[in-house]
Amino acid sequence: MKLTEVINVKDLTLTYADGTKAVQGISFSVNEGEFFGFLGPNGAGKSTTIKVLTTLLHKTAGEASVAGLDIEKDAREIRKVIGVQSQETSLDPELTGRENMILEGHLQQMRGKELEDRVDSLLSVVGLKDAADKRAGRYSGGMKKRLDLATVLVHKPKIMFLDEPTTGLDPQSRAGVWDYLEELNKKEGITIFLTTQYLEEADRLCQRLCIVDGGKIVAQGTPAELKAEIGADAITITMKDLQGKSDDSVRTKARQIIQKLQNVSDIVDSGDGLTIYARDGGYFIPDLVRAFDKTDIKLVSINLSTPTLDDVFLRHTGKRIRVEELQKQVPSMFARGRR
């Protein structure tokens, strides 16, 4: 069955007045009913891309269409068929949850029983029915995010653009939003374009994604395809002589030691150490330890993990998306120090 493209981008570029190249010639497409993602760190160009596609910013060059409509010639028509949630909630804290949604409906030319039924239905779906008549200013962060999502859906958009919708939420609230978005995509068939800097969020939700950095797409595909490209386990080592300082001679010597071992496919600089990609990582680690035992380089820790989207990002850019998040996801399997 041939898939229908609802977003098509070719060589899209946006350069700000100060010369900053926020988006640099990117090309991709999104299929109807797809959960599609942009994964990357702050400043990667994710939000700028969404603002261009939702007609809030004018492109510098390239082509782009949404729902078969040109983003510049047909901006008014595009706004009728999309829903947009920005990073910051756009709720009126003095209005109740229900009143915020009714206001959004009025802005979308909705009235009467159709609007009332739609608001009641959405309040139930996002779990805010009991709090519907409380002022939005008294909602928790998670409740505000869910209400914000519901307001985006009042006019039944065909395509939703979500710009880092779970940033700042606690893990429980974030998981609740994920469940809701998955249900929305699967049961209602809404096309969702998500930007995120959370590895787990992209891995769990997105059927396909682009990994972006510095305004460019560095890799794209399904999460499984991208991780399969690594073709090896990731072993990250830190060394005492490297912590807190840049010592190229130690790093070079460590690389030379590692390169002599079998099954090594790549070695990448990673913060205070190195990330080694090798087959059968569990069997590789003892050989690695023995190799360093014969040198004056002291290993502080060794972390083993199967390939993640962060490893894909590291392979393509030489840096990690969010070091603090990686530390939470990949617990130390082996830690060792020598005096």
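What covers the buried residues of α4? Before getting to that, a word on what you're looking at. This is a predicted model, where local features need pLDDT of at least 70 and side-chain atom pairs count only at pLDDT 80 or more, while totals for chains, interfaces and linings use all residues. Residues are numbered from 1 along each chain as its sequence is written, and side-chain values use heavy atoms, with hydrogens and water left out.

Let's start with α4 itself, residues 112–125. Helices here are DSSP runs of H or I, at least four residues, numbered from the N terminus. With 14 residues, α4 reaches 20 Å from first C-alpha to last, close to the 20 Å expected at 1.5 Å a residue (1.5 Å times one less than the number of residues). Leu115, Arg118, Val119, Leu122 and Leu123 are buried, meaning under 20% relative accessible area with a 1.4 Å probe and protein chains only, where exposed is over 50% and partly exposed lies in between. Look down the α4 axis and these buried residues fall within an arc of 130°, so they line one face of the helix; the arc is taken from the directions from the helix axis to the C-beta atoms. On the other side of α4, Lys113 and Glu114 are exposed.

Back to the cover: it includes α3 (97–107), α5 (141–153) and α6 (171–188), with contact meaning heavy atoms within 4.5 Å. Just after α4, Gly127 takes a positive phi of about 70°.

Note on methods
Helix = DSSP H or I, 4+ residues; strand = E, 2+ residues; numbered from the N terminus.
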